[in-house]
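Please keep the model in view as you read.

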Amino acid sequence: MVKIGIIGAGKVGVSLGKYLFDSSLVGFSLNGYYSKTTKSADFASRFTNSISYNNLESIVKDSNFLIIATPDGEIKNVWRQLKSYNLENKVICHCSGSLSSKIFTDAPSEKIYKGSVHPALAINDISSSYRDLEKAFFSLEGDREFIDIFKNILVKKGNRYKIIRSDDKIKYHLSSVFVSNLFLALGNISLKLLEECGFDESESFDVLANLAELNVENFVKNGPIKALTGPVERNDFTTIENHLMAIDDGDIKHKDITDIYRLLSLELVEIAKNKHEDRDYTNIIKLLMK
């Protein structure tokens, strides 16, 4: 029996425990949670029908598979504490998207099996995000012993996964930041531009909602080449020139918006060149690189 102990009782730890280690997962048992705050551990244990631990030593002793679900900045500190206990033949992993298992340095035994697991999903609610994990794609990285166990878990749950190299973790995480967090930055710029046009927030979302949702859906279903539309694809020099002038003349006090527009549009040119090999985008490239 693989006995799971989760260190960290926030959104990620609770969601993973609730989704992955329910009664349907034969051969695995969720022991419970340890957290810096008893209140968090108590909530997590009630929510997942497991134990609330009030000290780290107890959860280490009771578990042969430990998942560190703390913020990234705390993982090294937790590992430093864990190394003072007997970890022989135990599996240790963390849930960071950007850090690899290499953070587990100076292991006190060669028979400690280390790894990292990351669901490509925005986990934003401690009580409901576990329901979304059935759609999540997971990345796995680390020792073979860890990967073999976690692969088995994900196969049983029906989740897709990819085993990646330790050195690729930060690039993997950067990819998800571009399509999630940085997308929000672009959306915020859109809202500011509409505010300059006299739209209130509700009206702005009415304008942008379908455009954003359908564009993302088209990107996911068909890829960037087929999904591409707009002035860059059309080789519409005049519209792009007007866009740049509008940014320069606008009330938005962020000078970097021009640079964002230029750089992202240059990336769109690369997509457009693949979509329309017969079109000459030279003039647009020169305009964007001024």
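A pocket is an open set of points on a 1 Å grid over the protein atoms alone, with protein on both sides within 12 Å along at least five of seven lines; lining residues have an atom within 4 Å of a point. The model is predicted: local features need pLDDT of at least 70, side-chain atom pairs count only at pLDDT 80 or more, and totals for chains, interfaces and linings use all residues. Residues are numbered from 1 along each chain as its sequence is written, and side-chain values use heavy atoms, with hydrogens and water left out.

**Pocket.** 27 residues line the second largest pocket. His118, Pro119, Leu121, Ala122 and Ile123 lie nearest its centre. Helix 6 (169-179) is among the elements that give two or more residues to this lining. Helix 6 gives the largest share, four residues. Helices (H or I, at least four residues) and strands (E, at least two) are DSSP runs, numbered from the N terminus.

Eight strands form an open sheet in the order 3-2-1-4-5-6-7-8, with mixed pairing. Strands pair if DSSP finds at least two bridges between them. Strand 3 (51-53) and strand 8 (161-163) each have a single partner strand, so one side of each lacks a neighbour in the sheet. Strand 2 (28-34) and strand 3 run parallel, joined by three bridges. Tyrosine 33 has serine 52 of strand 3 as its bridge partner.

Contact means heavy atoms within 4.5 Å. Axes are lines fitted to C-alpha atoms, for helices over the stretch in contact; angles run from 0 to 180 degrees between N-to-C directions.

| Helix | Strands touched | Angle |
|---|---|---|
| Helix 1 (residues 11-20) | strand 1, strand 2, strand 6, strand 7 | about 160 degrees with strand 2 |
| Helix 2 (residues 38-48) | strand 2, strand 3 | about 165 degrees with strand 3 |

Key. 1 Å grid on protein atoms, 1.4 Å probe; cavity = no way out; pocket = protein on both sides within 12 Å on 5 of 7 lines; lining within 4 Å.
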